[in-house]
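These are my notebook entries on one structure.

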Amino acid sequence: DQDPENPNNVIALYTQRSIPKLRRDCGNGDDDVWNREHIWAKSHGFPNKNQDAYTDIHNLVPADKSVNSDRSDFDFKVGGEPNSECTKCKEGDDTWEPPDLSKGQIARMMFYMDVRYEGNDNSNTPDLELVDRSTVSSEPAFGYLSNLLEWHCQYPVSDVERRRNDKVYSWQGNRNPFIDHPEFVNSIWDYECPVRCDVGDDCTKSELEVVQADLKQLQIEMKEMQAYVNETNALFAKLSVLFANDQPWSTRNRAD
């Protein structure tokens, strides 16, 4: 989470602000500092520091203190009104929509927490589960799964995530598998990412319509190629006649 342009700073996840590492929250009432944000809120299953999930670095990021407070322990979901400080974030009724730049990363962090903690470790971290509904504090569950799946597909793994995964592995000894293998999401949650659309494509088309459109374009290109072949064959035919009749290349009159 270190600022690649300034090693003395960290990047706050939601606002993308670069904040000096030394301006960490020390409880002095300064809201313009950064503090530690649990993406899977600790109130949802692991409020105690001796629980493994509490200090799992795969779930921890720096955030603006005031924005972190606004996010609270809300479920992740699309919709709401822009946050006063993080204007690309939206607050709904106990829901939080992060900025587009962070959506894919957050989704994969949440997937990791779901599969990493199954209620069978020695720290009494319960079985964490992603659900597609609203949740409440103290419940070891988090929503909304459908939105997280969509964000995973819309915002693929970035180089920032890969570098972070390598760094966490060097410290903690385990990796986020959904960064190394994004396809695991499809297998575990039986969810197929929709066909991705490039700039200029009609993203309202179904997969079948996209294939049909591609086939139609291919047929047009084949007809154009056939027309070119026909013209080439006709030209060769004319040349063959010229050679057969021993006619000169130029028909211009020449002086005797």
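**Entry 1: E139 and its partner.** I looked up E139 and found that this residue is buried, with a relative accessible area of 18%. For these notes, buried means under 20% relative accessible area, exposed means over 50%, and partly exposed lies in between, computed with a 1.4 Å probe and protein chains only. The side chain of E139 meets that of R133 in a salt bridge, at 2.5 Å from N to O. A salt bridge here is a side-chain nitrogen of Lys or Arg within 4 Å of a carboxyl oxygen of Asp or Glu. R133 counts as partly exposed at 37% relative accessibility.

**Entry 2: Ground rules.** I note that this is a predicted model, in which local features need pLDDT of at least 70 and side-chain atom pairs count only at pLDDT 80 or more, while totals for chains, interfaces and linings use all residues. Residues are numbered from 1 along each chain as its sequence is written, and side-chain values use heavy atoms, with hydrogens and water left out.

**Entry 3: Other salt bridges.** How many salt bridges does a search of the whole structure find? The search gives 11. One of them joins D25 and K65, whose closest N and O atoms are 3.5 Å apart. D25 lies in the loop between β3 (18–20) and β4 (34–38) and K65 in helix α1, so the pair ties together parts that are 40 residues apart in sequence. Helices (H or I, at least four residues) and strands (E, at least two) are DSSP runs, numbered from the N terminus. D25 is partly exposed at 26%, whereas K65 is buried at 18%.

I then looked up E97 and K103, whose side chains form a salt bridge of 2.7 Å, N to O. E97 is buried at 8% relative accessibility, and K103 is buried at 5%. Together with D100, these two residues belong to a network of salt bridges.

**Entry 4: D73.** D73 sits in the loop between α1 (65–71) and β6 (75–76). I did find a polar contact between the side chains of D73 and S43, at 3.0 Å. Such a contact is a pair of N or O atoms within 3.5 Å; within protein, one must be able to donate a hydrogen and the other to accept it, and residues adjacent in sequence count only if both atoms are side-chain atoms.

**Entry 5: Backbone angles.** I looked up two residues other than glycine with positive phi. D94, in the loop between β8 (90–91) and β9 (95–97), has phi near 60 degrees and is partly exposed at 48%. D190, in the loop between α6 (184–189) and α7, has phi near 50 degrees and is exposed at 70%. I also recorded that the peptide bond from G143 to Y144 is cis, with omega near 0 degrees. Y144 belongs to the loop between β11 (141–142) and α3 (145–154).

**Entry 6: P140.** P140 lies in the loop between β10 (129–130) and β11 and is partly exposed at 30%. The C-alpha atoms of P140 and T125 are 9.0 Å apart, although 15 residues separate the two along the chain.
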